[in-house]
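Hi,

Here is the structure I promised to pass on. Please have a look at it first, and then read my notes below.

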Amino acid sequence: IKNDLLLCLIKNAPYLSDWERDILEIIREQGLYFYPMMRTKIMDEGWAVYWHQTIMRELYRRKLLITAEWEEFALNNSFVLARSKKNFNPYLVGVRIYKDILQKYGKEILFHVRRAYTDRFFIEHFLNKEIVDDLELYIYQPKRKGNDIEYVIVEKDWRVIKEALIHSLSEFGPYIKVKNGH
């Protein structure tokens, strides 16, 4: 109960009726369920893409897919891995880091990372200048150009970008502290 605001309210709020406590319990339980997934989103999505690509490539190589099926997969996969100057793509970043790990360290380390890491440490240990530049994972800002909006790079230093990502993966806000129940 010490650091759990919803549980504190459920147990101690004097003016909540039973149905309001039930609603808070449902919200709390959903949050507890999804919290681990929030900590591994980049890894989960990258892992899914990695294996989907691997399996589909092998099926096509063995001629278990016709060309039209392979082309449909390739098109859909390109949408999933689309780059954006407006949004971070966890599928793209995750799969690129996994491929880098596999190439540099081998399958044993790849599987160890998958089992033992969270997104924060995945980024901290394996995001490098080559990946940032390859994926153009820069920080962009919208600038009006006539009637259009153009996204311009405001930060290219891979270390700054890496630190910003690590920070965003370290904080699952908001942070609310209750002192003495007031």
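Is Lys-104 buried, partly exposed or exposed? Lys-104 has a relative accessible area of 43%, so it is partly exposed. Here, buried means under 20% relative accessible area, exposed means over 50%, and partly exposed is what lies in between, with a 1.4 Å probe and protein chains only.

Before the rest, a word on the source. This is a predicted model, in which local features need pLDDT of at least 70 and side-chain atom pairs count only at pLDDT 80 or more, while totals for chains, interfaces and linings use all residues. Residues are numbered from 1 along each chain as its sequence is written, and side-chain values use heavy atoms, with hydrogens and water left out.

**Salt bridges**

A salt bridge here is a side-chain nitrogen of Lys or Arg within 4 Å of a carboxyl oxygen of Asp or Glu, and the structure holds 13 of them. In one, Lys-104 meets the side chain of Asp-100 at 3.1 Å, N to O. Both residues belong to helix H5, four residues apart, about one turn of the helix. Helices (H or I, at least four residues) and strands (E, at least two) are DSSP runs, numbered from the N terminus.

Asp-100 also forms a salt bridge with Arg-96, at 3.7 Å from N to O. Because Asp-100 and Arg-96 are four residues apart in helix H5 (residues 90-105), about one helical turn separates them. Both Asp-100 and Arg-96 are buried; for Asp-100 the relative accessibility is 3%.

Another salt bridge joins Asp-157 and Arg-159, whose closest N and O atoms are 3.5 Å apart. Asp-157 is partly exposed, with a relative accessible area of 26%, whereas Arg-159 counts as exposed at 52%. Salt bridges that share partners also link Arg-96, Asp-100, Lys-104, Glu-130 and Asp-134 into one network.

**Aromatic rings**

A pair of aromatic rings is described by the distance of the centres and the angle of the planes. Rings of Phe, Tyr and Trp (its six-membered ring) pair if their centres lie within 6.5 Å; planes under 30 degrees apart count as stacked, over 60 as edge-to-face and the rest as tilted. A search of the whole structure finds 14 aromatic pairs. One of these is the stacked pair of Trp-47 and Tyr-50, with 6.2 Å centre to centre and 25° between the planes. These two residues lie three residues apart in helix H3, about one turn of the helix, and both are buried.

Trp-47 counts as buried at 15% relative accessibility, while Trp-51 is partly exposed at 25%. Trp-47, Tyr-50 and Trp-51 belong to one aromatic cluster, along with Tyr-98, Tyr-105, Phe-111, Tyr-117, Phe-122 and Phe-126.

**Surface patches**

Patches are made of residues with over 30% relative accessible area and no salt bridge; like charges are joined within 9 Å, and nonpolar side chains (Val, Leu, Ile, Met, Phe, Trp, Tyr) within 5 Å. Trp-19, Ile-23 and Ile-27 form a nonpolar patch, with about 330 Å² of accessible area together, areas coming from the Shrake-Rupley method with a 1.4 Å probe. Ile-27 lies in helix H2 (residues 18-38) and is partly exposed at 44% relative accessibility.

A patch of negative charge brings together Asp-18, Asp-22, Glu-25 and Glu-29. Asp and Glu count as negative, and a charge is placed at CG of Asp or CD of Glu. Glu-29 is in helix H2 and counts as exposed at 52% relative accessibility. Asp-22 is in helix H2 too, and is partly exposed, with a relative accessible area of 43%.

**Two loop residues**

Lys-63 is not a glycine, yet its phi is positive, at about 65°. Lys-63 is in the loop between helix H3 (41-61) and helix H4 (67-80), and counts as exposed at 72% relative accessibility. Glu-136 also has a positive phi, near 50°, and is found in the loop between helix H8 (129-135) and strand S1 (139-145).

Best wishes
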